[in-house]
Amino acid sequence: MSLSLIGKSVSVSATLKLNETAAILKQKGEPVIHLGGGEPKTKAPVEALMAVAGFVNSGEIRYTPADGIPALKKAIIRYTEEFYNRKVEPENVIASSGAKQSIMVALQAILNPQEEVIFPAPYWVSYPEMVKLIGGVPVPVLAEDGSFYPRLQDIEQRVTSYTKCIIINSPNNPTGAMYPEQFIAEIVEFCEKRGIWLIMDDIYHRLIFDGKKPLNCYNYAKDTSENSKLIVINGVSKQYAMTGFRIGWTIGNKRLISAMTNIQAHQTSGPSAITQIAAVAAINGVQSSVESLRLTLENNRNIMMDRLNSFDGVKAYKPDGTFYCFADFSYYQKDSTKLSKFLLDKVRVLTMPGIEFGLDGFLRLSTCGTVREITEGIERIKWALDPNAPNELYIGERKLVRDWL
Ligand SMILES: Cc1ncc(COP(=O)(O)O)c(C=O)c1O
């Protein structure tokens, strides 16, 4: 079949594939524990649900402006003032169908074929594929000191005349690392000096622990004019547990936003009218659900760390935020795809292989589930890998006998 080069080059989403496998197993009644998830299990804010119900009842669900309804832009402008202490105008804002589309359209607006996009590794699985979809070249950068905290020199070394953009995601999916303020200050300054676009993917910025406060990249920007190449991405998916609503947004200079609006107008005509209404209600509503989600995630993170630290062969790194824990299992198996498959086959625990995020030997374990799912999931993994664990394990009524160690 004569598929395009892009059609052939973009990889299947391994995370979605694993989710499908787990869903099929679950349908067959298998006792799968899902530690692979990338979405909170809590309910969307009640204001959002009520707003949708009222709007749908009106029966008048029409096209909206391609860059979002005025009420949503207004809510995003207020959000930007509250969390970034920055006043922007409606022409600096575009809402999209999820932060994923926000990033994709932003890249389409700035990137030419062959141009390079740098991002720290481990990275969110979609960054390399999005860049490839536009014909650009993804440049993942591992920190030289082996940590999850990149330094400016790690990135600087990889900058070439083709570098068009740098993407920073902090706190980070999959590591949960929140990059230090100094790094954010340095990268903002560096990009300004070198005329490189900087995309701050702040989708997890409020889901942070240990008393940390969200960082504001604008604090370090000297250029606050309409020539600024600083782009901020955010959305309702994670903080409001509204992944299925598909609303994200971009703050950027007016020319960028206008180009993005033109692109988006031809792609989707704009995000769904229904979910825009829901997003307005969530952003303007009582914010207690965000804090309660944050507290739950912090507690789950602590439990996950406690359990992982009980393994002899696992190196676990304490996440500063998000709902992921990225742990080194290479002592047991260096090939993370094999390990992930093994754990699903043998003990029905779904984990995400680190290689998908740019680092083999690691597994991404999600803390989105219940405390029971986390403790039982980790217990099953321990049983599968630890030769000192008893030879038998009960999953409900089912007795498993280990015959592989
Ligand atoms: C780092 C990062 N950025 C962006 C997104 C996209 O979020 P949305 O659901 O708003 O498209 C995700 C979702 O997993 C993510 O992990």
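The chat below goes through a predicted model of a protein chain.

User: How is the chain divided into domains?

Analyst: The model is predicted, and its chain is split into domain 1, made of 5-43 + 288-401, and domain 2, covering 46-284.

User: How far apart are the centres of domain 1 and domain 2?

Analyst: Their C-alpha centres are 27 Å apart. The contact involves 32 residues from domain 1 and 30 residues from domain 2.

User: Which elements give two or more residues to the domain 1 side?

Analyst: Those are α1 (5-9), α11 (288-308) and β10 (324-328). With 7 residues, α11 gives the most to the side of domain 1 that touches domain 2.

User: And what's that side like by class?

Analyst: The side of domain 1 that touches domain 2 has 14 nonpolar, 10 polar and 8 charged residues.

User: Switching to helices. At what angle do α12 and α13 pack?

Analyst: Helix α12 (residues 336-347) and helix α13 (residues 371-385) pack at about 100°, and their axes are 10 Å apart. Angles of 65 to 115 degrees count as roughly perpendicular, so α12 is roughly perpendicular to α13.

User: Which residues meet there, α12 to α13?

Analyst: From α12, Leu343, Lys346 and Val347 meet Arg380, Ile381, Trp383 and Ala384 of α13. By class, the residues in this contact of α12 with α13 are 5 nonpolar, no polar and 2 charged.

User: Now the largest nonpolar core. Which residues touch the most other members?

Analyst: The core has 109 residues, and Ile166, Leu198, Ile199 and Ile231 touch the most other members.

User: Where does the largest share of this core come from?

Analyst: Helix α5 (residues 99-110) supplies the largest share of the core, 8 residues. The core also draws at least three residues from each of domain 1 and domain 2.

User: What does Ile231 touch, leaving out residues up to four places away in sequence?

Analyst: On that count, Ile231 touches Ala106, Trp197, Leu198, Ile199, Met200, Thr250, Gly252 and Leu256.

User: Other end of things: where is Leu3?

Analyst: Leu3 is in the segment before α1.

User: Buried or exposed?

Analyst: Leu3 counts as exposed, because it has 8 C-beta neighbours inside 10 Å, and the cut-off for exposed is 12 or fewer.

User: What separates the C-alpha atoms of Leu3 and Leu230?

Analyst: The C-alpha atoms of Leu3 and Leu230 are separated by 35 Å, and the two residues are 227 residues apart along the chain.

Key. Residues numbered from 1 in each chain as written. Predicted model: local features only at pLDDT ≥ 70, side-chain atom pairs only at ≥ 80, totals over all residues. Domains from an automatic or database assignment. Contact = placed C-beta atoms within 7 Å. Helix = DSSP H or I, 4+ residues; strand = E, 2+ residues; numbered from the N terminus. Nonpolar A, V, L, I, M, F, W, Y, C, P; charged D, E, K, R; others polar. Axes fitted to C-alpha atoms, helices over the stretch in contact; angles between N-to-C directions. Parallel < 35°, antiparallel > 145°, perpendicular 65-115°, else oblique. Core = buried A, V, L, I, M, F, W, Y, C linked by C-beta atoms within 7 Å. Buried ≥ 20, exposed ≤ 12 C-beta atoms within 10 Å, placed from the backbone.
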